[in-house]
Amino acid sequence: MEIRPECPGDERVISTLIAEAFELAEHGDGTEAQIVERLRAAGALTVSLVAEDSGELVGLAAFSPVSVDGADVGWYGLGPVAVRPNRQGSGIGYQLIQDGLERLRHHGAAGCVVLGEPAYYARFGFRPAPRLVYPGIPPEYFQALAFGEGVPSGTVTYHPAFG
């Protein structure tokens, strides 16, 4: 399996993959593929990685900028992450996230936030960050991973493509 940046021509397959991955997801709302399409159109997919196995795209991890109290502080948001249903649980998502976080570090990012299952994302070093707020979400599900000087303080806003 190869982890690589998405390429022109991958868009349609990526949208289908995301739709399939989130079709039965407990926390999906059916807009995940459109979010990635809007991020791409806005030039806001800072890192968009796909997992390719024997010529088939089987996973995606997307990272885009977030703001804290309206300011760009060099932080990014992870999501969506999608793996084909018949390949979930096989480590593809883990590999995509690990590689994406490393690329963010090399990109000079200050850190990354994620909205998701605390036990799953803890394996990457994400932790609840009381100084960062994402309104309407239980704080334990909004987590941060600082790459350097610490965690900023304030309200996090994802790119407008998230709606």
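How many disulfides does the count come to? It comes to 0 disulfides, taking a disulfide as a pair of cysteine sulfur atoms within 2.5 Å. This is a predicted model, where local features need pLDDT of at least 70, side-chain atom pairs count only at pLDDT 80 or more, and totals for chains, interfaces and linings use all residues. Residues are numbered from 1 along each chain as its sequence is written, and side-chain values use heavy atoms, with hydrogens and water left out.

**Cysteines**
- Cys-112 is buried, at 0% relative accessibility, while Cys-7 is partly exposed at 34%.
- The cut-offs here: buried is under 20% relative accessible area, exposed is over 50%, and partly exposed is in between (1.4 Å probe, protein chains only).

**Strand 4 and its partners**
- Helices (H or I, at least four residues) and strands (E, at least two) are DSSP runs, numbered from the N terminus.
- On one side of the pairing list is strand 3 (residues 56-68), antiparallel to strand 4 and joined to it by 6 bridges; two strands pair if DSSP finds at least two bridges between them.
- Within that pair, Leu-60 stands opposite Ala-82.
- Strand 5 (residues 111-115) runs parallel to strand 4, with 4 bridges, and Gly-111 is the bridge partner of Trp-75.
- To get from strand 4 to strand 5 the chain goes through helix 3 (residues 92-107), making a right-handed β-α-β crossover. Right-handed means that, with the strands pointing away from the viewer, the path from the first strand over the helix to the second runs clockwise.
- Strand 4 also holds Pro-80, which a cis peptide bond joins to Gly-79, with omega about -5 degrees.

**Helix 2**
- Glu-32, Ala-33, Ile-35, Val-36 and Leu-39 are buried in helix 2 (residues 32-41).
- Down the helix axis, these buried residues fall within an arc of 160 degrees, so they line one face; the arc is that of the directions from the axis to the C-beta atoms.
- They pack against helix 1 (11-22), strand 3 and strand 4, with contact meaning heavy atoms within 4.5 Å.
- Just after helix 2 comes Gly-43, with a positive phi of about 70 degrees.

**Nonpolar cores**
- A nonpolar core is a set of buried Ala, Val, Leu, Ile, Met, Phe, Trp, Tyr and Cys residues joined through side-chain atoms within 4.5 Å.
- The largest one has 23 residues, and Phe-63, Leu-78, Leu-101, Tyr-121 and Phe-126 have the most contacts inside it.
- Strand 2 (47-53), strand 3, strand 4, helix 3 and strand 5 each give two or more residues to this core, and helix 3 gives the most, with 5.
- Leaving aside neighbours within four places in sequence, Phe-63 is in contact with residues including Val-47, Leu-78, Leu-101 and Cys-112.
- Apart from that core lies another, of 17 residues, among them Ala-21, Phe-22, Ile-35 and Leu-60.

**Loops worth a look**
- Ser-54, in the loop between strand 2 and strand 3, has a positive phi near 50 degrees although it isn't glycine, and is exposed at 76% relative accessibility.
- Asp-69 is in the loop between strand 3 and strand 4, with a positive phi near 50 degrees and 57% relative accessibility, so it counts as exposed.
- Ile-137 is in the loop between strand 7 (132-133) and strand 8 (142-146) and is partly exposed at 28%.
- Not counting residues up to four places away in sequence, Ile-137 touches Leu-115 and Phe-142.
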